[in-house]
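Let's walk through this structure together, with the coordinates open beside the text.

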Amino acid sequence: MSHAVNPNTIRSSIWEEEPQADNPFAAAACYCRGYDVYGDLLGKASYIEYMYLLFKGERPTPGAIAALEILAVALANPGPRDPSVHAAMAAGVGGSTAASVLMAAVAVGAGSYGGAREVFLALGAWENNGTELANWCSSLASPVPPTRLQVWPELEHPAGFDPYGKHCAAPVLRTLSLLADILPAGCLAWLQQERAALETAAGFPLAMTGVAAAALADLDFSPNEGEMLTLLLRLPGAAAHALEQGKQGFRLFPFFELDLENDPGPSCQKESK
Amino acid sequence: MRNTLLDYEGPLRTRMGACFPGQRAVFRGHDLHADLKDMDWIELYTFGITGRRFSPQQISVLHALWTYTSYPDPRLWNNRVAALAGSARSTGALGIAAAIAVSEASIYGWQPEIAAADFLVRAYNRTQAGEALQVVLTQELQQHRRILGYGRPVATLQVDERIPAILAHMGREQIEQGPYLQLAFDIERGLLQMGRQLPINYAAVVVAIPLDMGLSPRECYLFLQPSFMAGMPPCYMEASERPEGATFPLRCTQLCYEGPGRRRWQQE
């Protein structure tokens, strides 16, 4: 029997479904990269293993699993001072929908100051510079600006470094150390070895985004894949903090003061009455 | 070295505005309910971006720039998000906000538009300085391979239907074509002379007109944020009126799998 090619098909190397015999819109079995998700993989694969399988198409090595577990914990909650978590809390405290809380966290956490775009750019730097200190020093000393205007604002500091840091923060060092122990032969280990030289070249201490990018480079994540994974991994803290502030209520959440420098004052309105 | 953040603690200094609940609101140094009470919304929006006021004729053209690209076609990728939100019984705000964010695409929407605005400004400055447009185009093609704002992913060789409409509107409002818009059409002719049949598309025109009104490329980008929005609520609404899940339903067999063959997790 010949089948006409349906133009409205979704081509995928990730997912396959077998329909139920009596319902073409319900799956009897789902296969991810060839594995039977609900008939085999469920209950055997950890969340990290499954996520890696989705992104990379193969099962992760034990080292990759351990590194991703550490990275996931390290990135899960940047804390309430972080702009993305602040944004999520601002949504949560006003009683906004759960999805808008996460959309706020994703939108704000997407940027090049401490966000997923910074990881994207730092991964690009790893692609360009590898583990050659001279290349890093050259690119940090003379960054190549974009050749045309983009929707992204221009980067204001070297990607992967903390523009307000005095020295490398203990959480960053601890994360780097643990990850380099697990993946001792790549970017992480080289970063640990050359950190001081890189920080001198950058003029800033290493940031968590820089560690994340090195880990993702060692795990063979492209800049696009690393950006996406970073956005995902940063969400749990935003969600939890938003729920907490939602319970506490807006009166306990800072509203801040404004200094309106060009206030015309109430006189105009009085005159118009 | 002093930490810059220390200088920004305390009250947030702003010149953009504030609300005084129960009293008044200030918008860029003006009382919103007194000084600006008669302002058209798009005029207020543009004033918020630029701090500048525009003539009623200019506002009419800016309005039309949005109107003529408001397509309630749920197949379009950004609108599809709004439609799927309706189909999945999500909220209107979530569907439309996501659809607006999705409009910042690379093959349509704001990525090409901001790049087109940037190139128009660069090309204008260079041609004003005496360089030949052909030289500018050749170098741009060498550097970026494409000139955004020319050609169209869904109808490469056809006239963009929005362009005659906005030119006619400008004529009715007696707004003359400014140097950026003229340059945009010169670029189309220049590309043709180079053997590149890439008709000008709306991305070039939709930024050239505000550039001619004095907006910067970044201001054009912000001005255009709501430009597709009017087409989104209809997609959401109609999907909401269909049975749940009945917008673009997909059979299991409509997934065309091209990945590895079947394998067992525990066998590896």
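Here, contact means heavy atoms within 4.5 Å. Please keep in mind that the model is predicted. The domain assignment divides chain A into domain 1, residues 15-56, and domain 2, residues 62-252. Taken over C-alpha atoms, the centres of domain 1 of chain A and domain 2 of chain A lie 31 Å apart. Where they meet, six residues of domain 1 of chain A are in contact with 13 residues of domain 2 of chain A.

How much area do domain 1 of chain A and domain 2 of chain A bury between them? The value is about 840 Å², with 78% of it on carbon and sulfur atoms. On the domain 1 side of chain A, the residues that lose the most area to domain 2 of chain A are A:Ile48, A:Phe55 and A:Lys56, together 63% of what that side buries.

By class, the side of domain 1 of chain A that touches domain 2 of chain A has four nonpolar residues, two charged residues and no polar ones.

Now move over to chain B. There, three strands make an open sheet in the order β2-β3-β4, with antiparallel pairing. Its edge strands are β2 (17-20) and β4 (30-31) of chain B, each pairing on one side only. Strand β3 of chain B, residues 24-27, is joined to β4(B) by two bridges. If you look at B:Phe27, you will find its bridge partner in β4(B), B:His30.

Conventions. Residues numbered from 1 in each chain as written. Chains lettered and ligands numbered in written order. Predicted model: local features only at pLDDT ≥ 70, side-chain atom pairs only at ≥ 80, totals over all residues. Heavy atoms only, no water. Pairing = 2+ DSSP bridges. Helix = DSSP H or I, 4+ residues; strand = E, 2+ residues; numbered from the N terminus. Domains from an automatic or database assignment. Buried area = accessible area lost by both parts, 1.4 Å probe. Nonpolar A, V, L, I, M, F, W, Y, C, P; charged D, E, K, R; others polar.
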